Amino acid sequence: MHSDDGPRTAATGASPLRGRVAVVTGAARGVGEALARHLSEAGMHVALLGREARTLHAAASALPTPSLCVEADVTDQEALEEAARQVAHRLGEASVVVANAGVAAGGPFRRTDGDLWRRVIDVNLVGSANTARAFLPQLARTRGYFLQIASTAAFGAAPMMSAYCASKAGAESFAQALRGEVEPDGVSVGIAYLHWTGTDMITDLDEHPVLRALRSHQPWFARRVHSTDQVADWLTAGVERRARYVYAPPWLRWCQPLRPLFPSLVTRVARREMRRLRTDALGADTGVLGAGGRADWELYRSAARPPGR
């Protein structure tokens, strides 16, 4: 557990979140790390959950409020139950839980390793459900807030990203269904839609020709990559409001009424690009995207590998 008795920021004193407990999964890097920092600066005590112990502790060491690091795989329900017990014992019961952990794999469905495809679904969708299951008892007692990190991938599924798009659409639907169940208990559920965000995953996305083409056909403002700090700022504001929907960037809210049009638009651009490229070019970059995803995949494969192999 990390604590710092030094001065707090001015924003901390003004925040309604001050002194409450937040849990962020996938907090070792990217949006999760930035959000943990912003919530801490708002005065929250933060539990950082993730797979990379060293990176996780480095992120926690910079926080201005008490924090707790728990190395846990969100696909492991028992590990999350233990994490929930540690959070309650060492920080207090959670008032905010952010299901942020996510990985992605790119490439043609037929060429993607079946275990890798399932791993994306397990982390992004099943992991979110596991997180909710572990922490809902605490959120019910604190009348808290559960935020599901989704994506504009739920708006229009992109070829070459079948597992990621399916998992994010599923996570959105899960959160919508959960909302109706837990609101009578005083628990609010929010869904955050993230667009192009400057994580290591984006660097790899630009290597995929179809995804690069989809992005190039978007309006100039929609192609902009937002920093993790900017996205974390939008998410923190949503947490403070207990918002039902959080859009990062905010203009995405105007896309909701247009969602029925997106699948056909995405398909049209993707079809044109896939006809233009050779089959071997389309499959050249099949695999896990981003350093965080690769770390998760290596840990998963190491755990599954028989001893001595």
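Biologist: Which strand is G287 found in?

Modeller: G287 is in strand β9, residues 287-289. Helices (H or I, at least four residues) and strands (E, at least two) are DSSP runs, numbered from the N terminus. Before we go on: this is a predicted model, where local features need pLDDT of at least 70, side-chain atom pairs count only at pLDDT 80 or more, and totals for chains, interfaces and linings use all residues. Residues are numbered from 1 along each chain as its sequence is written, and side-chain values use heavy atoms, with hydrogens and water left out.

Biologist: Is G287 buried or exposed?

Modeller: Buried means under 20% relative accessible area, exposed over 50%, and partly exposed in between (1.4 Å probe, protein chains only). G287 has 13% relative accessibility, so it counts as buried.

Biologist: And what does G287 touch, not counting residues up to four places away in sequence?

Modeller: A contact is heavy atoms within 4.5 Å. By that rule G287 touches A104, A105, G106 and L116. Take G107 too: G287 and G107 are 180 residues apart in sequence, yet 6.6 Å apart in space, C-alpha to C-alpha.

Biologist: How many cavities of 30 Å³ or more are there?

Modeller: On a 1 Å grid over the protein atoms alone, a cavity is a set of points where a 1.4 Å probe fits but cannot get out, and lining residues have an atom within 4 Å of a point. Points are joined across faces, edges and corners, and the volume is the space filled by probe spheres set on them. Here the count is one, and the largest cavity holds about 40 Å³. Its lining includes A104, A105 and L116, and β5 (104-106), α5 (114-142) and α12 (291-304) each give two or more residues to that lining.

Biologist: What about K168, which is buried yet has no salt bridge?

Modeller: Lys and Arg count as positive and Asp and Glu as negative; His and the chain ends are not counted. For K168, in helix α6 (residues 162-182), the nearest side chain of opposite charge is E172, 11 Å away. The contacts of K168 include N124, I149 and S151.

Biologist: Last one: which residues of α3 are buried?

Modeller: In α3 (residues 53-61) they are L56, A59 and A60. Seen down the axis, they fall within an arc of 95° (taken from the directions from the helix axis to the C-beta atoms), so they line one face of the helix. They pack against α2 (30-41), β2 (45-50) and β3 (67-71).

Conventions: Salt bridge = Lys/Arg side-chain N within 4 Å of Asp/Glu carboxyl O. 1 Å grid on protein atoms, 1.4 Å probe; cavity = no way out; pocket = protein on both sides within 12 Å on 5 of 7 lines; lining within 4 Å.
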